Amino acid sequence: MSEPSTPNLWQRTYRAIRPDWVFGFLLLVSITMLIAENLDPEPVIAVDPLMKILALSGLTLVIAFIATYAAAMDRRKVEDYYFQLMTNGAIVGIITTLFVNLAWDLLYGPLMGDDLIAIMLASWSLGYFFYRIRGLNA
C-alpha cells in the first residue's frame with residue numbers, strides 16, 4: 001500500500017486561494033466594469049485598420065500559445081475536479097458571451113470593449129458556480 005502523496009506547491013496554492021473566491025471576485029469585478037464602462041465612457045482611439053489587424057492577430061497568437069501552455073500546466077498540477085469546473089465554466093462563458101453579444105447587436109448595435117470583457121468574466125464565473133453547486137454531471 002502506498003502512502004498518500006503530499007500536495008505540491010501548485011495544489012497547495014489552489015487550495016489556499018480557493019477557486020470559489022477567485023470566481024466570486026471575478027464576478028464582482030465584472031459588475032464593477034459594467035457600471036464603470038457605462039457611467040463614464042472613454043473616447044474611442046482611432047487606429048489604422050491594417051495596424052489593428054496585424055497587432056490583434058499577433059497578440060492573439062502569442063497569448064493563445066501562452067494560455068495553451070498554462071492550461072496544460074494547470075491540467076497536470078491541479079485536481080481534476082477543479083480543472084473541470086474551470087473549463088466547463090469557460091465553455092459556458094464563451095457561449096453566453098457570444099449569444100449575449102449577438103442578441104444585443106440585433107437589438108441595439110454592437111457591444112464594445114469593457115462591456116464584452118465584463119460579460120465574459122461574469123458568465124465564466126456564473127458557469128463555474130452553476131457547476132460547483134449542481135455538480136459536474138448536471
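Y82 sits in helix α4. The model is a predicted one, where local features need pLDDT of at least 70, side-chain atom pairs count only at pLDDT 80 or more, and totals for chains, interfaces and linings use all residues. Residues are numbered from 1 along each chain as its sequence is written, and side-chain values use heavy atoms, with hydrogens and water left out.

**Overall build**

- Read from the N terminus, the order of elements is α-α-α-α-α.
- Of the 138 residues in the protein chain, 20% are buried. Buried means under 20% relative accessible area, exposed means over 50%, and partly exposed lies in between (1.4 Å probe, protein chains only).
- Contacts are heavy atoms within 4.5 Å. Among contacts in the protein chain with a separation of 6 or more, 82% join residues 24 or more positions apart.

- Y82 is buried, at 12% relative accessible area.
- Leaving out residues up to four places away in sequence, Y82 touches P19, Y128 and R132.
- The C-alpha atoms of Y82 and R132 are 9.0 Å apart in space, though the two are 50 residues apart in sequence.
- V78 lies in the loop between α3 and α4. V78 is buried too, with a relative accessible area of 8%.
- V78 and N8 are 70 residues apart along the chain, and 9.3 Å separates their C-alpha atoms.

**Aromatic pairs**

- The whole structure holds five aromatic pairs. Rings of Phe, Tyr and Trp (its six-membered ring) pair if their centres lie within 6.5 Å; planes under 30 degrees apart are stacked, over 60 edge-to-face, and the rest tilted.
- F23 and W124 form an edge-to-face pair, because their ring planes stand at 75°, with centres 5.2 Å apart.
- This pair links distant parts of the chain: F23 is in helix α2 (residues 19–39) and W124 is in helix α5, 101 residues apart.
- F23 is buried at 3% relative accessible area, whereas W124 is partly exposed at 28%.
- Y128 and F129 are also edge-to-face, because their planes meet at 80°, with ring centres 5.3 Å apart.
- Y128 is buried, with 0% relative accessible area.
- Ring pairs join F23, W124, Y128 and F129 into a cluster.

**The second largest pocket**

- Rolling a probe the size of a water molecule over the atoms shows where empty space is left.
- A pocket is an open set of points on a 1 Å grid over the protein atoms alone, where a 1.4 Å probe fits, with protein on both sides within 12 Å along at least five of seven lines.
- The second largest pocket has a volume of about 280 Å³. A volume is the space filled by probe spheres set on the points, which are joined across faces, edges and corners.
- Its lining residues (an atom within 4 Å of a point) include D74, F83, M120 and W124.
- Helices α3 (49–77), α4 (80–107) and α5 (113–134) each give at least two lining residues. The largest share, six residues, comes from α4.
- The lining of this pocket has eight nonpolar residues, two polar and one charged. Ala, Val, Leu, Ile, Met, Phe, Trp, Tyr, Cys and Pro count as nonpolar, Asp, Glu, Lys and Arg as charged, and the others, Gly among them, as polar.

Note on methods. Helices (H or I, at least four residues) and strands (E, at least two) are DSSP runs, numbered from the N terminus.
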